[in-house]
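Here's a quick walk through one protein model, from a helix to a sheet and then to a helix pair. Have the viewer open as you read.

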Amino acid sequence: MVFRPNFLTSIEIRNRAQHIAEAFFHSISSPPLLPIEVNVTSFDTSNLSNRKFVAGKPIKVEKTDKTFRLSLNAEELRNTPQSAFQGWLELEIAHFLERSENVSNKFNFQRQILPLMPVTGSSLNFVRELVEYLCRSLERQNATRMLFQVGRAESQVDYYFYTLTPTLSEKKFYQKYESHTWIRASHLCRKLVEYTGLSWLADHRVGNSHTLKMQWQEQHGYQVEDQTLMEEMVAIANHQEDSEFSIRVVKMFKVLRDSLLLKTARASTGLD
């Protein structure tokens, strides 16, 4: 998909974001309890300190005591096409609402995950991180479904097309650690968040989402066993929606564990 070049000033970004956010809350018949505040900053996130400031995200959603705040980085967003920008912002808001307000998205790590893989120390923290990404994937699926139900899914496809191509550093990282199953597991779980969302769109035949999914697979070029693993975890996330959140997390973790985490001995995981 070819996007027309676009250039927005900081004021235009703020005004557009304000309009999109207000229209989104109206569409879900749930106006925010707090006023919407849009802050637009302008700095280069290639600078390490700046990247840490926004946690690597051009769009940050949070709720304060007084406002529902959207923090946007103008340098990364000013060239974003209108539909992709709308899809990006709506997805971040929907994901935030899903994460912060859906009380059913809970599970007990100690009781439901740790017995499946009893680890300690740095390995315990590593497994926690993997499970956190699995949770985010399910939240992304729920957020995508929310947007679909209120007729705002087409712009999601445009957003994913716009952010489709992995960075060169991502590709090099995957190639470098192909033989380290635990590090590969971490990489795949991070990418699973976006893949779950776009796969849900493809399953529901939204716009050109089928082409989007095929191009995503081609661009990332994962080895067959890794792409198969992704499909198995996505199937649990997207095709077992009647199951409780925690049950799906456990099922996805079991697939991940059996496919990668238990495949090699601790010494060959690539961890220190």
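The expected span of a helix is 1.5 Å times one less than its number of residues. Helices here are DSSP runs of H or I with at least four residues, strands are E runs of at least two, and both are numbered from the N terminus. Keep in mind that this is a predicted model, where local features need pLDDT of at least 70, side-chain atom pairs count only at pLDDT 80 or more, and totals for chains, interfaces and linings use all residues. Residues are numbered from 1 along each chain as its sequence is written, and side-chain values use heavy atoms, with hydrogens and water left out.

**Helix 11**

Helix 11 covers residues 224–239, and its 16 residues should span 22 Å at 1.5 Å a residue; the end C-alpha atoms are 21 Å apart, which agrees. Its buried residues (under 20% relative accessible area, with exposed over 50% and partly exposed in between, using a 1.4 Å probe and protein chains only) are Asp226, Gln227, Leu229, Met230, Met233, Val234, Ile236, Ala237 and Asn238. What sits over them? The cover includes helix 6, helix 8, helix 9, helix 10 and helix 12.

Three strands make an open sheet in the order 1-3-2, with mixed pairing; two strands pair if DSSP finds at least two bridges between them. Strand 1 and strand 2 are the edges, each pairing on one side only. From one strand to the next, the twist averages 15°.

Strand 1 runs parallel to strand 3, joined by six bridges. Glu37 stands opposite Arg69 of strand 3, and Thr41 stands opposite Asn73. Both Glu37 and Thr41 belong to the uncovered face of strand 1, along with Asn39, while Ile36, Val38 and Val40 form the covered one.

| Helix | Lies across | Angle |
|---|---|---|
| Helix 1 (residues 10–27) | strand 1 and strand 3 | about 150° to strand 1 |
| Helix 4 (residues 82–101) | strand 2 and strand 3 | about 35° to strand 2 |

**Helix 4 and helix 6**

The axes of helix 4 and helix 6 come within 8 Å and cross at roughly 115°. Contact means heavy atoms within 4.5 Å; here helix 4 brings residues including Leu91, Ala94 and His95, and helix 6 brings residues including Arg136, Ala143 and Leu147.

Terms used. Axes are lines fitted to C-alpha atoms, for helices over the stretch in contact, and angles run from 0 to 180 degrees between N-to-C directions.
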